[in-house]
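Welcome, and take a moment to turn the model around before reading on. We will walk through it one step at a time.

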2 protein chains.
Amino acid sequence: MQEQAIIKSSISKQIAEQLRNAIVSGRFKSGERLPTEDELATRYGVSRATVREALKRLAAQNLVRSRRGPAGGNFVNQPTHAELAESLSGAATLLVGLGALDIEEIVEARRTLQGGCLKLAVVNASQEQIQDVETALQLQKDPALSDEAFCDADVAFHRGLVDASNNGMVRFVMYSIIEALVPITNMVVSYVKDRREIIAFHEGLLLALQQRNEQGLESALDALLDYLMERFSVAQAQRKQHAS
Amino acid sequence: MQEQAIIKSSISKQIAEQLRNAIVSGRFKSGERLPTEDELATRYGVSRATVREALKRLAAQNLVRSRRGPAGGNFVNQPTHAELAESLSGAATLLVGLGALDIEEIVEARRTLQGGCLKLAVVNASQEQIQDVETALQLQKDPALSDEAFCDADVAFHRGLVDASNNGMVRFVMYSIIEALVPITNMVVSYVKDRREIIAFHEGLLLALQQRNEQGLESALDALLDYLMERFSVAQAQRKQHAS
DNA sequence: TTTATGCTATTTGTCTGACAAATAGAAGTC
DNA sequence: GACTTCTATTTGTCAGACAAATAGCATAAA
């Protein structure tokens, strides 16, 4: 005798999944308004609280956003690039934070995957995109930047580099690696000298991109990673000494 | 006069962020139990419903899991590889489903990034991992598989391939591309002939991996992608005809 | 002593009903 | 016509209740 495959997951989770499927499969179109929470509640035969828990699950994935008032409601959200980048960076920092990935792995991944990405970039980069990279670099040169701001500028520079690949999927993927590398940069940037070095590497990268010199790009990025790794292990050793 | 930067986001969202920070920064360790919902509610001075909405947001990101009963509660979740893959595949299918990425881009991304990944694989693959790939291929050969099961087996095969790189970050990243490619496979696998072709390509890939032949791996994967793209455009044209 | 059984306390899951806050649109006022 | 006020709608939050799961303890039976 075969029972109906008992359902272990909670109602709110199931509703979240149903709504998610409806959205991803296009039954609710992007930007469209879902039924009101009360309506969903009666439709699923549950309380509003349960529906809301389901909706919050979706909100956490940037799948819906909500507005109050008449004309308000829960809307299917077309995630912006910024939101996608955010959720990716969330996942990446989570992985690093929980120790599921170590620094060496991340650097190796960057080395491993950058080749193809740069190859695309030298072919596809538009003048405007090269300009964006240059702008990011200019911003990074400001000596008054706080450590945090310097890191942000660093991320912006590297994002610009992969943006130049003009491929949304590559960008999606490389963004997560860039984010995962932030902890390294963070440990290195506090010294003025290190900042200067990083900027010098970045100038080399920009130049190679402008000349659409793939070899140059790759060796420059490799050198930058070498430098970061070395400085990182130094900083780590110092920190360990401090701790003892 | 500068007010305290007005807070636009909802309380439950803020609480979710605070808890998230506490988890990522390690103030709650992996596997540890959070305070009970009642306790969190009183601690933050809000109702239990609000706390629950916050917790559900975190649950949606696989950051916490909950259990009922005494000894139950909300626990910090060390995301398993399966869960990570799931959330990634979620993001990827979302991107495809919402049309933020088109198929050509995804295939190009795969072509672009596979080189480095395969390079790692031929160097690092353990005997066991090669065995896993072989097992996945055997499973895929079963002619009784449903379309869906065939696709699952296909995903398992490709995952095995990138697992062989022995780099968690590369794996994380390539998984998302593999997932994003599922819709293509889905449109192609319904014909027996196409299945046979795919399996033939996979056999080529497996062989090249066993021989640690990087060139062979790359050309085989390129050929597979060529084949899929061609069959995909055919299927798409047919579907369009049907619709008219 | 060991095993089985049932009880109890604890914690999450869900429900109900209510009010607060935001806000679009209508109605009224100048 | 421009401005203000009112009203209805919808999400955000709250309070309290009960249901369901379950670990641990106590008790009973072998």
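**A pocket and the interface around it**

Helix 5 (103-124) of chain A and helix 5 (103-124) of chain B each give at least two residues to the lining of the second largest pocket. Keep in mind as you look that this is a predicted model.

Rolling a probe the size of a water molecule over the atoms shows where empty space is left. The second largest pocket has a volume of about 360 Å³. Its lining is made of 16 residues, and those closest to the pocket's centre are Gly115(A), Gly116(A), Gly115(B), Gly116(B) and Lys119(B). What classes do the residues of this lining fall into? Four are nonpolar, six are polar and six are charged.

Now step back to see how the two chains meet. On chain A, 42 residues are in contact with 42 residues of chain B. The size of an interface is often given as the accessible area lost when the parts come together. For chain A and chain B, the area buried between them is about 3800 Å², with 70% of it on carbon and sulfur atoms.

Which parts of the chains are linked by polar groups? The rule finds eight residue pairs in polar contact across the interface of chain A and chain B, both residues being at pLDDT 80 or more. On the side of chain A that touches chain B, the elements giving two or more residues are helix 1 (11-24), helix 3 (48-60), helix 4 (81-97), helix 5 and helix 8 (168-188) of chain A. Helix 5 of chain A supplies the largest share of that side, ten residues. Sorted by class, the side of chain A that touches chain B holds 22 nonpolar, 13 polar and seven charged residues.

Finally, look at the charged pairs. Side chains of opposite charge can pair when their charged atoms come close. Over all chains, the count comes to 22 salt bridges, and two salt bridges are found across the interface of chain A and chain B. Glu53(A) forms a salt bridge with Arg52(B), with the closest N and O atoms 2.7 Å apart. Arg52(A) and Glu53(B) also meet through their side chains in a salt bridge, at 2.7 Å from N to O. Here Arg52(A) lies in helix 3 of chain A and Glu53(B) in helix 3 (residues 48-60) of chain B, so this pair joins two chains.

Notes: Residues numbered from 1 in each chain as written. Chains lettered and ligands numbered in written order. Heavy atoms only, no water. 1 Å grid on protein atoms, 1.4 Å probe; cavity = no way out; pocket = protein on both sides within 12 Å on 5 of 7 lines; lining within 4 Å. Points joined across faces, edges and corners; volume = space filled by probe spheres on them. Helix = DSSP H or I, 4+ residues; strand = E, 2+ residues; numbered from the N terminus. Nonpolar A, V, L, I, M, F, W, Y, C, P; charged D, E, K, R; others polar. Contact = heavy atoms within 4.5 Å. Buried area = accessible area lost by both parts, 1.4 Å probe. Salt bridge = Lys/Arg side-chain N within 4 Å of Asp/Glu carboxyl O. Polar contact = N/O pair within 3.5 Å; in protein donor to acceptor, adjacent residues only side chain to side chain.
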